[in-house]
Structures are given as structure tokens and as C-alpha cells.
Amino acid sequence: MFRDAAGGDFSLAAGSPCPDAGYTGKAPTKTEIDKWKASFYRFNPNKNPRKETVKQAKGKKTKRVYYVVPGPANPRGYGNSWANALGSLQDAMDLAYENNGEVWVAAGIYKPSSNDRTVSFRLRAGVAVYGGFSGKETARNQRNIDVNRTVLSGDIGQNGVASDNSFHVLTGADGAVLDGFTVRGGYANGGSEPSQNKGGGLLNYLPGMSGRPRSRTVAGFSTTVVNCTFRANYAVSGGAVYSYDRCKPVFRNCRFFDNRARFGGAVMDRVGVRATYEKCSFELNRAQYRGGALMFDYGSRPAITGCSFESNSSK
């Protein structure tokens, strides 16, 4: 191959197979390289459970936007525009977490899985996810959440049959923001894990972690939820939302409608939770035993301002 490799002459010898044997295809574009690099850092659901930290941007004034549309998206979509939108909401959230981004989601119905009840949309620490887009906007304030309904649904099995729905539609994260969605159809009726009977719409703590009053490790998530509707979710505890262990979630301008549970028809906060409920409405939520709309237990103390309650019930 070389004329005299032992003597340090690495010029090609006559008959070497190397000349004209290089790659002749097109070089990858910068966008393709960026997507390839990002794929190495996506969240691996097979890793051991851990509490993420909120990543701080270094010198960045604007966040990179990842775009999501329902159904089959552009198979080569990188999420960098509506035309090249991703079809997976989870992929978009994972990329936004690794690249200091936020997520814009077009109107439609999104499901965390096609058939696995244990899978939920996992919010990412510090990542804001916005619904209510038509798929043409160039600025966030152009969206209309009332017209462009963006639904996160746990109805992954047979339509209208709750028993095969996702245990949780969403799992929270510290510093995450969910804004402009309808969350429906979660069914946390109990399974092999203790968490699978809690929070049909949003499970606001990390499964597998058990907080203790004097423990430094806080299992709960301080998630912020704005302009969202939780509808027709079920759990044994906390039909729509279950928050746990000293977290400080915020719910602002949200509607909790027709959720059911044994305890806490819409919401249960347990073990030192300091939740904020601001300008939220609670309607037609039902608990079999206690807390038709809300139930607070084991030292949880919420701040409730400007909220309305109508036709909630418990025995």
C-alpha cells in the first residue's frame, strides 16, 4: 500500500487500492450533522431513575424551538421548523432538554404509546412545552389554545375502554412548564408498581423514590402547569394530578373537569407539598371517599387564590 512504511515513506505505492477509493456521495449538511450529534444525548429510558437538574444556558438569550406535528411527520424531520417538524413529542422534549430549547406543538391528539400502559410523556427539567399552534406560527404569542386544541391522551387501547389506558398521561419534572394542553384519559387503577394507582393525568414525583421528612432527596417535582384542562382522568389517589414529597408545583388558569378517584377526585397532594392553585376551576370531580375536588394529606399546605368550585362530590 505504501512505498516504504518502515522507513517512514507513507506515499502510495504503485498498485495500491487506495487511489479513487474514497466516498463519493454528498457530504452531510450542517442540519444533518446537528441531528446526528443530538441523537447521542437523547434521554435513555432504560437508565436508572434519577432526578434531573435544570440546565442553565450559557450566554444564550433565546431558546431553540423544536416543532411537533401529529401523525406521521417528515421522516427526515429534524424539528427545526414546521416544515421539518418531528412526529414524536417525547423526542422533541428530549432534544430540547439537551440543547436548551423549548417545544411548540401543533393541534391534534398525541399519545405516549400505542400499547404500553406503563409509558407516559416524561416532561424534562427546565423545558417549556407549548400547545395551541396551527402549524404556521412564527411567534409564540400567535397561537390560539381555544381554537387549536392540543390533546395529550391516555386512550392508547380500544377506544372508549378505560382499563387499557395509560396509567399516567404525563410525568412531571423540576422546572418544566406545560402550557396550553388538554390532558385526558389517564387511568391509574393500580398495577405492579405503587405509583400506578396515582395521578392519572399527571404523576408529579419520580416513581421508585420515596421521600422522607428529614431526607435531603426530594422525590416530588416542582412542575408548572398553565392554561391546561384535565378531563376524564381516573386514579385511586389524585384522579387528575398526584403530587408528593415537598415539591412546589404551580397550577395557573387550569380547569379540572370530570375527573374521578377514590381519594382526591381531581388532585391529591401528599407529604409536605406546597402547591399553588391560581385562577383554576374545579367542576364535576368525584371522589369515592374523601376530597371531591382536592385532598391534602401529611402536612401538605396549598396556596389557593381566585379558584372556583362547582358540583364536586364525595361520600
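I began with salt bridges and found 10 of them in a search of the whole structure. I counted a salt bridge where a side-chain nitrogen of Lys or Arg is within 4 Å of a carboxyl oxygen of Asp or Glu. Side chains of opposite charge can pair when their charged atoms come close.

I noted that this is a predicted model, in which local features need pLDDT of at least 70 and side-chain atom pairs count only at pLDDT 80 or more, while totals for chains, interfaces and linings use all residues. Residues are numbered from 1 along each chain as its sequence is written, and side-chain values use heavy atoms, with hydrogens and water left out.

**Entry: R124 and its partners**

I looked up R124 and E52, whose side chains meet in a salt bridge at 2.4 Å, N to O. R124 lies in the loop between β6 and β7 (128–133) and E52 in the loop between α1 (30–39) and β3 (64–68), so the pair ties together parts that are 72 residues apart in sequence. For these elements I used DSSP runs numbered from the N terminus: helices are H or I with at least four residues, and strands are E with at least two.

I then found a salt bridge between R124 and D94, with the closest N and O atoms 2.7 Å apart. This pair also links distant parts of the chain, since D94 sits in helix α2 (residues 89–98), 30 residues from R124 in the loop between β6 and β7.

Are R124 and E52 buried or exposed? I read both R124 and E52 as buried. The terms are set by relative accessible area: buried is under 20%, exposed is over 50%, and partly exposed is in between (1.4 Å probe, protein chains only). R124 has a relative accessible area of 1%, and D94, also buried, has 4%.

**Entry: E283 and R255**

I checked the salt bridge of E283 with R255, where the closest N and O atoms are 2.8 Å apart. E283 is in strand β23 (residues 281–283) and R255 in strand β19 (residues 255–257), so this pair ties together parts 28 residues apart in sequence. R255 counts as partly exposed, at 30% relative accessibility. I also noted that salt bridges with shared partners join E52, D94, R122 and R124 into one network.

**Entry: a charged patch**

Which residues gather in a patch of positive charge on the surface? I listed K111, R149, R184 and R231. K111 is in the loop between β5 (108–110) and β6 (121–122) and counts as partly exposed at 36% relative accessibility. A patch takes residues with over 30% relative accessible area and no salt bridge, and joins like charges within 9 Å. Lys and Arg count as positive, with the charge placed at NZ of Lys and CZ of Arg.

**Entry: positive phi**

I found a phi near 55 degrees at N227, a positive value in a residue other than glycine. N227 is in the loop between β14 (224–226) and β15 (229–231) and is partly exposed, at 23%. D258, likewise not glycine, has a positive phi near 60 degrees. D258 is in the loop between β19 and β20 (260–263) and is partly exposed, at 27%.

**Entry: the whole chain**

I counted two helices and 28 strands in the protein chain. Of its 315 residues, 46% count as buried. The chain exposes about 16100 Å², of which carbon and sulfur atoms supply 49%; the areas come from the Shrake-Rupley method with a 1.4 Å probe.

How values were computed
Patch = residues over 30% accessible without salt bridge, like charges linked within 9 Å, V, L, I, M, F, W, Y side chains within 5 Å.
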